[in-house]
Amino acid sequence: MAWGVPFSIGLPASDAGGTTTVLTVLTPPSIGDTIVVAVAYSNTLVSVSSLVDDAGNAYTLKEARLVNGRASAQYAAPCLSVPATVTLTMSSSTGDHMIAAVAASGGSVTMDSHTNGNGTSGTPSTTKTVVLGTTLSLANATRPVVTEDLVAPSGWTNLFRTKHASANLWIYMDYALNLAPGSETWAPTGTSAAWTACDVAYSPASVGGMEDLLPCIGAG
């Protein structure tokens, strides 16, 4: 079964100074979909205490990058019951955090491959090399800047470019389906502040993790 096009299930949500942030589901996923949640936070001395939804779906950490005082992470869950909210709880209120969530049909939480990396001020990432692109690939990044400036490669589609409600923290999320063999590159256009990113390729349900997609997002 092929992957469907991923879609936002609710507006990305920012913390309001506490430990908890709640994303309200506006476009519910269907039972059998895969839910993927991107998490960004600006202080690596804290950690994610829990990520849950009110329907009881079980989220598993797929990939994370914690460096330079900030973090990007990606969690996934099979949708066994349709949620109305997704709640992120951090270990401390220090720093800022955000969540965004998408869903897609036709797949599973089984990974083909995953990677993470960080880029320095204004430098492009290393490349993402695709072997057999028969998967859904999702990348999310955290960037502590005032204005949006991280550019996805050609052929990728943006899902989120959202700034924190009160802090200089952005969460980015992009996807690609069935990429042809080759390589892709992400590049910040700005020249201030480093960034982090993580990238996960998810298998179609009918394949169960045997397709090949090797992502590489890293420091430039």
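The model is predicted, so local features need pLDDT of at least 70, side-chain atom pairs count only at pLDDT 80 or more, and totals for chains, interfaces and linings use all residues. Residues are numbered from 1 along each chain as its sequence is written, and side-chain values use heavy atoms, with hydrogens and water left out.

**Overall composition**

The protein chain has 17 strands and 0 helices; strands (E, at least two residues) and helices (H or I, at least four) are DSSP runs numbered from the N terminus. Of its 220 residues, 52% count as buried, where buried means under 20% relative accessible area, exposed over 50%, and partly exposed in between (1.4 Å probe, protein chains only). Contact means heavy atoms within 4.5 Å. Among contacts between residues at least 6 apart in sequence, 80% join residues at least 24 apart.

An open sheet is formed by 5 strands in the order 1-8-3-6-5, with antiparallel pairing; two strands pair if DSSP finds at least two bridges between them. Strand 1 and strand 5 stand at the edges with a single partner strand each, so one side of each is left without a neighbour in the sheet. Strand 3 pairs with strand 6 in the antiparallel sense over 8 bridges, and Val36 has Ala76 as its bridge partner in strand 6.

| Strand | Residues |
|---|---|
| Strand 1 | 7-14 |
| Strand 3 | 34-41 |
| Strand 5 | 60-67 |
| Strand 6 | 70-78 |
| Strand 8 | 97-104 |

**Nonpolar cores**

A nonpolar core is a set of buried Ala, Val, Leu, Ile, Met, Phe, Trp, Tyr and Cys residues joined through side-chain atoms within 4.5 Å. The largest has 22 residues, and those with the most contacts inside it are Leu23, Val37, Val39 and Tyr59. Strands 1, 3, 6, 7 and 8 each supply at least two residues of this core. Leaving aside neighbours within four places in sequence, Val39 is in contact with residues including Val48, Ala73, Leu88, Ile99 and Ile171. Apart from this core lies another, of 19 residues, among them Trp3, Ala76, Leu138 and Met173.

**Thr44**

The loop between strand 3 and strand 4 contains Thr44, which is partly exposed at a relative accessible area of 28%. Thr44 and Val67 are 23 residues apart in sequence, yet their C-alpha atoms are 7.1 Å apart in space. Not counting residues up to four places away in sequence, Thr44 touches Leu66, Val67, Gly69, Arg70 and Ala71.
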